[in-house]
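These are my notebook entries on a structure that I looked up. I record each item in the order in which I examined it.

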Amino acid sequence: MSATARSLPRPDADTRPFWDACRRHELRVQQCRACESFRFYPGPICPSCGSTANLWQRVSGRGEVYSYVVVRRAAHPAFAGDVPYAVALVELEGTGGIRLPARIVDCPLDQARIGMALDVGFETASNEITLPVFRPVDVRLADTAFMLNLRRNP
Ligand SMILES: [Zn+2]
C-alpha cells in the first residue's frame with residue numbers, strides 16, 4: 001500500500017454481512033431476532049436483551065442528518081484531493097434511531113443542515129468494499145428544477 005492509498009474498512013465476522021450488502025447496493029442493519037431492536041456498531045450480542053440471535057434487515061436507505069462536520073484539512077494525504085467534504089451521522093429511517101457515519105455527496109457544503117433528508121447511494125472503493133454515501137433529497141429536486149428551467153430558457 002502506498003503512502004497515499006486510502007485505508008478501507010476490513011470486514012470481519014461481525015461486519016461482513018453489512019459490507020456484502022453494500023456491494024449489492026443494499027443497506028442492511030443488524031437486528032435482534034429476540035427483541036427486534038436494531039444495533040450499530042454490529043456485534044454478536046444484543047445490548048438490549050443479550051440474545052445472540054440476529055439478522056440483517058434491509059432498510060429503506062432514507063434518513064436525516066443527525067450531525068455533520070465539514071472536513072477542510074485532510075488528516076491523511078490520501079484524502080488531500082477530497083477536501084472540503086462533509087461527513088454526517090445519518091439517522092436511518094425505520095431503525096429506532098440507528099446513526100450511521102457516512103459522507104454527504106452531491107450537496108453544496110453551505111446547504112448541509114441538521115435534519116436534512118437524505119437518501120443512500122453507493123460508491124465502489126475496491127473489489128471488496130463499496131461505501132454507503134448519502135445524497136440530499138431536496139438538493140436533488142432543486143437541481144432537477146434548475147435543469148428543467150435551463151431547457152425552457154436556453
Ligand atoms: Zn435483543
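**Contacts of V65**

I began with V65, which touches A88, V90, A112, R113, I114, G115, M116 and L118, leaving out residues up to four places away in sequence. Contact here means that two C-beta atoms, placed from the backbone, lie within 7 Å. I noted that the model is predicted: local features need pLDDT of at least 70, side-chain atom pairs count only at pLDDT 80 or more, and totals for chains, interfaces and linings use all residues. Numbering runs from 1 along each chain as its sequence is written.

**Core**

I then looked up the largest nonpolar core, which has 17 residues; V65, A88, V90, L92 and F134 touch the most other members. At least two residues of this core come from each of β4 (62–71), β5 (85–92), β6 (99–104) and β7 (117–124). Such a core is a set of buried Ala, Val, Leu, Ile, Met, Phe, Trp, Tyr and Cys residues joined through C-beta atoms within 7 Å. A residue is buried with 20 or more other C-beta atoms within 10 Å of its own, exposed with 12 or fewer, and partly exposed in between.

**Barrel**

I traced five strands that close into a barrel, in the order β4-β5-β6-β8-β7, with mixed pairing. Strands (E, at least two residues) and helices (H or I, at least four) are DSSP runs numbered from the N terminus, and two strands pair if DSSP finds at least two bridges between them. β4 and β7 pair in the antiparallel sense over three bridges. I found L118 in β7 as the bridge partner of G63.

**P17**

I located P17 in helix α1 (residues 16–23). P17 is partly exposed because 16 other C-beta atoms lie within 10 Å.
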